[in-house]
Amino acid sequence: MTTAEERRNADAKREILQRVRDAQQLSHTPAEVEVPREYNTTSEMGRDELRELLIGRLVDYRADVTRSSSEELPATLARVLSERGAHTVRYAEGLDTGLFAEVDAECTPDSRDSDPRELDAVDAVVTDSHVSCAQTGTICLQSNATNGRRALTLVPDRHVCIVHMDTVVYGVPEMVDRLDPELPVTMISGPSATSDIELVRVEGVHGPRDLMVIVVD
């Protein structure tokens, strides 16, 4: 049953959209507008250059970056978590459990049916990533089995994110082209941080204050 408040919201939405349509008609805006797309959509930058550019950007954003090979990833992950004193670890349910074979902590796969508030008590979370933009130092997570649900990487205070070099591109157009528009996306450029009107930096307001990125070659 529709409440009075819901009806008011629906009426307000219709009024806003009608005003937009009226403004378009008064300005003689055509129904379809061709958008120029003359920006670069590819890059010839090599793998080593992409890696160094991405790492440089992430370090600028105060992320803790570690390099690893695929073979050494379980040991690297164990070391990173141990250095942070993590005793309870929640990870995206689609990750290979073998990644946590050397981790000296209680490692549990996340469940999308669990209460997101429970994540606040977890020492660290671990996810993979979907695509990363080296130019801006932006890591994109899509809501899937290996990247986890959005709450998994927004509620806890410590996030370990795995970035494989074959998912790293140079520019934003390339990054966007690899995203599924029908899935929620979380874009990460360093630990969560914001500033108040006096420019006082506060970390951890909108997400983890501690971001650890493992770049895998």
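Two elements, α4 (150-154) and β9 (185-188), each supply at least two residues of the lining of the largest pocket. Helices here are DSSP runs of H or I with at least four residues, strands are E runs of at least two, and both are numbered from the N terminus.

A word on the source. This is a predicted model, where local features need pLDDT of at least 70, side-chain atom pairs count only at pLDDT 80 or more, and totals for chains, interfaces and linings use all residues. Residues are numbered from 1 along each chain as its sequence is written, and side-chain values use heavy atoms, leaving out hydrogens and water.

Back to the pocket. A pocket is an open set of points on a 1 Å grid over the protein atoms alone, where a 1.4 Å probe fits, with protein on both sides within 12 Å along at least five of seven lines; lining residues have an atom within 4 Å of a point. The largest one is lined by 14 residues. Nearest its centre lie Leu154, Met187, Ile188, Gly190 and Ser192. β9 gives the largest share of the lining, three residues.

Now Thr167. It sits in the loop between β7 (158-164) and β8 (168-169). Is Thr167 buried or exposed? It counts as buried, because its relative accessibility is 14%. Buried means under 20% relative accessible area, with a 1.4 Å probe and protein chains only. Leaving aside neighbours within four places in sequence, Thr167 is in contact with His130, Val131, Ser132 and Arg178. Contact means heavy atoms within 4.5 Å. The Thr167 side chain also reaches the backbone oxygen of His164 at 2.6 Å.

Conventions
Buried < 20%, exposed > 50% of the residue type's maximum accessible area, 1.4 Å probe, protein only. Polar contact = N/O pair within 3.5 Å; in protein donor to acceptor, adjacent residues only side chain to side chain.
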